[in-house]
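Please read it with the sequence and the structure in view.

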Amino acid sequence: MDQKNLAFRPYALPVVRGSVVEFTNSDDVQHNVFSPSAIAGKFNLGTYAPGATRTVTLDQPGDVRVLCNIHMEMEAHILVLDTPYFSTVGQDGRYQISDVPAGTYTLKMWYERWLPFRRTVEVPGGGRLTVNVTAGK
């Protein structure tokens, strides 16, 4: 997760449980990245200079809120997942989750300030599945 123009990039980062997340300071000012989220151990990476990188390992699933102690307007979310089957939505509003084995799954979608979206889906063997999601449904 980068810090550039006094913002975290990307704003939402999905990772698999156990991932090591790097926080690179690409700004020309210092940052102090921390999280108040208990599932992330309420980490505080301390103040570090431009060009420096700090890391944290995320072992618990859930939404990890990330902030900067110096720049209060900075906020991001790391979504720690128990599955390797996930995607992010593109600029065109589309997403694709590849190589999902046939079976019954719960499709979950995270979007800040939306009510949680969950739908049970049946992925056919050797086929494709299209799931359209609209706000509030």
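The points below go from the whole chain to single residues.

1. Basis. This is a predicted model, in which local features need pLDDT of at least 70 and side-chain atom pairs count only at pLDDT 80 or more, while totals for chains, interfaces and linings use all residues. Residues are numbered from 1 along each chain as its sequence is written, and side-chain values use heavy atoms, with hydrogens and water left out.

2. Secondary structure. The chain has 0 helices and 11 strands. Read from the N terminus, the order is β-β-β-β-β-β-β-β-β-β-β. Both kinds of element are DSSP runs numbered from the N terminus: helices are H or I with at least four residues, strands are E with at least two.

3. Extent and surface. The C-alpha trace spans about 50 × 30 × 25 Å along its principal axes. Of the 137 residues, 29% are buried. Buried means under 20% relative accessible area, exposed over 50%, and partly exposed in between (1.4 Å probe, protein chains only).

4. Contacts along the chain. Take the contacts between residues at least 6 apart in sequence: 46% of them join residues at least 24 apart. Contact here means heavy atoms within 4.5 Å.

5. Charges. There are 13 positive and 13 negative side chains, and the centres of the two sets lie 7 Å apart. Lys and Arg count as positive, Asp and Glu as negative, with His and the chain ends not counted. Each charge is placed at NZ of Lys, CZ of Arg, CG of Asp or CD of Glu.

6. Aromatic pair. The count comes to 1 aromatic pair. Phe23 and Phe43 form this tilted pair, at 5.9 Å centre to centre and with 45° between the planes. The pair links distant parts of the chain, 20 residues apart: Phe23 is in strand 4 (residues 19-25), and Phe43 is in the loop between strand 5 and strand 6. Phe23 and Phe43 are buried. By the rule used, rings of Phe, Tyr and Trp (its six-membered ring) pair if their centres lie within 6.5 Å; planes under 30 degrees apart are stacked, over 60 edge-to-face, and the rest tilted.

7. The loop between strands 5 and 6. Ser37 lies between strand 5 (31-34) and strand 6 (44-48). Ser37 counts as buried because its relative accessibility is 11%. Beyond its neighbours within four places in sequence, Ser37 touches Lys42, Asp63, Val64 and Arg65. Lys42 is also placed in the loop between strand 5 and strand 6, but is exposed, with a relative accessible area of 56%.

8. Backbone points to check. Most residues other than glycine have a negative phi, and most peptide bonds are trans. Lys42 has a positive phi of about 45°, and phi of Leu6 is near 55°. Leu6 sits in the loop between strand 1 (2-4) and strand 2. Arg9 and Pro10 are joined by a cis peptide bond, with omega about -5°.

9. Gly62. This residue lies in strand 8 (residues 62-68) and is partly exposed at 27% relative accessibility. Leaving aside neighbours within four places in sequence, Gly62 is in contact with Ile39, Ile78, Leu79 and Val80.
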